[in-house]
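Please walk through the model below, starting with how its parts are arranged and ending with how the chains meet.

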Amino acid sequence: MKLSFSAEDERFRTEVADWLAANLTGEFAKLKFRGGPGDEHSFPEARKRWEQKLAEGGWTCVGWPQAHGGRGCSIEQQVIFFEEYARAGAPGRVGHIGEGLAGPTIIAFGTPEQQAKYLPGILNGTELWCQGYSEPGAGSDLANVKTRARFDTERNQWVINGQKVWTSLAHESDYCFVIARTDPDSVGHKGLGFFLVNMDQPGVDVRPIEQITGTSEFNEVFFDDAVCDAGDIVGEPGDGWKVAMGLLGFERGVSTLGQQMQFQNELDEVVRVARANGRDRDPVIRQRIAQAHAELKIMRYNSLRMLSGQSGSDGSLQGEALIYKLFWSSWHRSLGELAIDVCGQEGQLLEAAPYELTRLQSLFLFVRSDTIYGGSNQIQRNIIAERGLEMPREPKWR
Amino acid sequence: MEFRFTEEQQMIRETAAGFFADCSTSAAVRAAMVTERGYDLSLWRQICDDLYLHAITLPETIGGMGLGYVELIAVMEQMGRYLVCAPYFATVCQAVPALQLADAASVSGPWLERILGGETAALAWIGQERPGCEAVTATCEVVEGGFLLSGDYRLVVDGHSADILVLAARQAGTEGREGISLFVVDAAAEGIRRQWTPALDQTRHLGRVEVDSLLLPAEACLGSCGEAGTVLEQVLQLATVALAAEQMGVAQQVQDLAVQYTREREQFNRPIASFQAIKHKAADMMLRTEVARSACYYAACIADEAWQGGAMAAELPEAAAVAKSYCSDACFSNAGEALQMHGGVGFTWEYDVHLYFKRAKASELMLGTASEHRETLAKLLLDGGANA
């Protein structure tokens with residue numbers, strides 16, 4: 001067990017930092033520290049161009065295998081890349097769903113044709129993706145999706161009808177991966193398919209959801225006889241759940257280090273405000289800041305454990321990975337409360353009318369979504385208890 | 001960057017776990033804890049002679065294993081899990097680093113060799129309960145042929161039974177880490193009064209050590225007279241890391257006990273573990289245990305750097321405070337929840353939960369509470385240094 005990186009990895013760190021310093025300039029300078037969670041609506045066009053800038057330098061998809069056009073970085077190098085990216089204040093990635101979720105899924109489960117059709121646009125930063133999972137009746141109970149996909153043999157296309165909700169970046173995206181029911185008589189995990197759907201068609205309607213922040217990162221997406229080609233289903237009809245769950249495995253890992261660097265930037269801002277207004281003398285605030293600092297520090301080492309550890313032979317998650325979502329989301333929510341508390345009554349005052357929030361106000365409000373999306377804290381606790389501690393499931397209600 | 005145990009470290013951990021599971025049973029702990037010594041001498045002999053766990057950090061030059069804090073915390077976790085009654089924490093986690101860090105091998109070597117041979121040791125520094133070095137109130141005076149030592153040491157872990165004592169004292173009129181010296185003496189020396197001070201946590205015994213104008217030869221002083229404050233502080237930080245690992249082991253064990261109990265206990269015609277009210281408590285316990293584990297692994301790596309003079313050694317004060325603040329809260333919360341989940345039997349003497357519950361509180365209060373360690377972090381973060 002040791003913490004230091006090799007000399008070669010340290011050289012890689014310098015290379016990343018130098019590239020970012022040289023390129024996060026000009027029209028991209030205004031993007032520094034922008035576009036993160038709670039701020040995803042900012043500068044969409046410039047951030048899309050930033051994706052292409054990254055691609056030119058070979059800095060998209062750093063963890064993908066070289067055979068599929070990625071940089072083939074080791075785990076250590078990926079850690080370093082995400083840390084330096086966040087340290088430089090480089091903007092929230094509009095391409096992260098394609099790079100982190102859609103791409104790895106297509107690499108793992110897709111056909112050579114799908115890989116040829118979809119991976120280049122992700123690699124070169126020109127095509128953005130969104131995730132079509134949740135529905136009004138399928139939140140925590142994700143397997144309850146009602147969206148249907150019917151194969152039209154005459155057109156040789158899949159026809160999709162239904163509604164998705166909480167779809168991040170749908171309004172900016174070129175494609176959506178959708179789980180939909182291929183067997184209309186099925187229930188639960190069975191009878192689902194995993195589809196790659198073009199968003200630019202008459203059958204797809206995106207409506208923004210106005211959130212408690214007054215901004216709209218999330219959307220509703222309506223599919224009304226939307227279509228995709230026969231070759232745009234990943235796996236067989238009925239395999240959708242397996243593909244979707246395989247994808248969840250890609251969500252954990254190295255990108256968490258970058259997320260933590262963003263958290264560090266937020267905590268630094270909280271400390272700056274407390275020192276400026278004198279609340280850093282308040283013994284209770286001092287305890288809360290120290291606790292936030294300690295736990296963020298531990299969070300980093302928890303991630304390094306996740307990355308260094310082997311998962312079980314069945315692909316099951318180690319304890320430190322199983323608790324990770326509950327840990328960071330609860331931590332971040334507490335930071336949001338601390339952020340507004342260090343401001344005192346001044347913390348009420350908006351940046352501007354009608355409802356332009358300060359950075360810390362935005363943090364205070366937006367973190368409330370963290371403990372809900374991607375498996376709410378209650379669901380996380382069920383998963384930890386049932387999978388991690390082998391406690392029995394609730395009896396069925398009906 | 002490699003953030004998991006090597007095979008060798010894993011083997012040490014599993015060997016310790018297997019041995020303690022067999023030998024530190026509930027019955028064994030309960031038998032040992034009511035004796036004045038507080039541990040079974042034959043168990044200690046086995047830990048030393050058969051498992052060689054006492055030699056983990058002892059230098060190879062005298063026949064020790066020459067390993068570091070990653071190995072040590074692997075053992076300490078298991079000590080916590082099985083509430084092992086043994087003078088291990090006092091000897092290996094407190095006295096050994098004091099002897100090794102305070103002076104050259106030529107001076108401390110003979111004492112370390114006695115420890116290698118199975119003798120036990122304790123570190124006494126608390127005169128009045130205050131953070132770190134500030135607790136030292138015993139005084140030393142330079143006299144013809146050596147030193148005169150006077151002090152009333154309290155809360156000395158295994159101090160009443162140890163074979164060797166390391167005593168901290170300060171020159172009159174000094175404060176903080178200034179003017180502190182460390183002395184090593186044979187505990188049987190004339191003029192040392194010792195007694196057992198029974199405590200809430202019966203599984204770790206505390207003693208009181210009194211000396212009044214005790215004459216010590218010049219060679220009893222470790223390092224330069226009056227300059228051991230920084231070393232004592234570092235020793236306490238290393239001990240704090242080890243204690244945090246023990247707390248993590250306790251947190252893990254009470255979690256396991258509670259989960260096992262709730263899976264077996266049936267009410268309303270179902271195991272109570274199937275109720276979300278129970279499962280969510282257990283999930284929170286697991287979160288705290290795993291986070292505590294990450295904190296300990298991090299702190300152990302930093303302690304290793306401090307122990308072996310690595311580049312990140314300067315992070316020790318922060319790492320110790322991070323680990324002890326988190327593990328103290330995690331350990332006591334888990335113990336409290338475990339007691340609650342056991343229902344009525346959790347409140348009985350018969351079930352072991354109360355032993356862990358008491359250990360959890362005792363460890364939380366020892367070597368700085370969670371809030372004291374958070375204040376240390378606050379000083380580092382907000383005031384530009386731990387001593388500002």
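In this predicted model, the C-alpha centres of domain 2 and domain 3 of chain A are 30 Å apart. The contact between these two domains draws on 5 residues of domain 2 of chain A and 8 residues of domain 3 of chain A. On the side of domain 2 of chain A that touches domain 3 of chain A, 2 residues are nonpolar and 3 are polar, with no charged residues. As for the bounds, domain 1 of chain A runs over 7–94, domain 2 over 129–238 and domain 3 over 252–388.

A:Gly240 belongs to helix H6 of chain A, which spans residues 240–251. Is A:Gly240 buried or exposed? A:Gly240 has 27 C-beta neighbours inside 10 Å, and a residue counts as buried when 20 or more other C-beta atoms lie within 10 Å of its own; A:Gly240 is therefore buried. Setting aside the neighbours within four places in sequence, the contacts of A:Gly240 are A:Ile179, A:Leu192, A:Gly193 and A:Phe194. A:Lys53 lies elsewhere: the C-alpha atoms of A:Gly240 and A:Lys53 are 34 Å apart in space, and the two residues are 187 residues apart in sequence.

Chain B can be read through its database annotation. An unreviewed UniProt entry places "domain: Acyl-CoA dehydrogenase/oxidase N-terminal" at residues 6–92 of chain B. That span is 61% helix and 0% strand, and its end C-alpha atoms lie 22 Å apart. The UniProt annotation "domain: Acyl-CoA dehydrogenase/oxidase C-terminal", also from an unreviewed entry, covers residues 232–381 of chain B.

The last topic is the interface between the chains. Here 38 residues of chain B are in contact with 41 residues of chain A. Which elements of chain B each supply at least two residues of the side that touches chain A? They are helix H7 (229–264), strand S10 (270–271), helix H8 (276–308), helix H9 (316–341) and helix H11 (370–382). Of the side of chain B that touches chain A, H8(B) gives the most, with 14 residues. By class, this side of chain B has 23 nonpolar, 7 polar and 8 charged residues. The counts given here are of residues in contact, whereas the size of an interface is often given as the accessible area lost when the parts come together.

How values were computed. Residues are numbered from 1 along each chain as its sequence is written. Chains are lettered from A and ligands numbered from 1 in the order in which they are written. This is a predicted model: local features need pLDDT of at least 70, side-chain atom pairs count only at pLDDT 80 or more; totals for chains, interfaces and linings use all residues. UniProt positions are given in the numbering used here, feature names are shortened, and annotations may be inferred rather than shown by experiment. Helices (H or I, at least four residues) and strands (E, at least two) are DSSP runs, numbered from the N terminus. A residue is buried if 20 or more other C-beta atoms lie within 10 Å of its own, exposed if 12 or fewer, and partly exposed in between; C-beta atoms are placed from the backbone. Two residues are in contact if their C-beta atoms, placed from the backbone, lie within 7 Å. Domain bounds come from an automatic or database domain assignment. Ala, Val, Leu, Ile, Met, Phe, Trp, Tyr, Cys and Pro count as nonpolar, Asp, Glu, Lys and Arg as charged, and the others, Gly among them, as polar.
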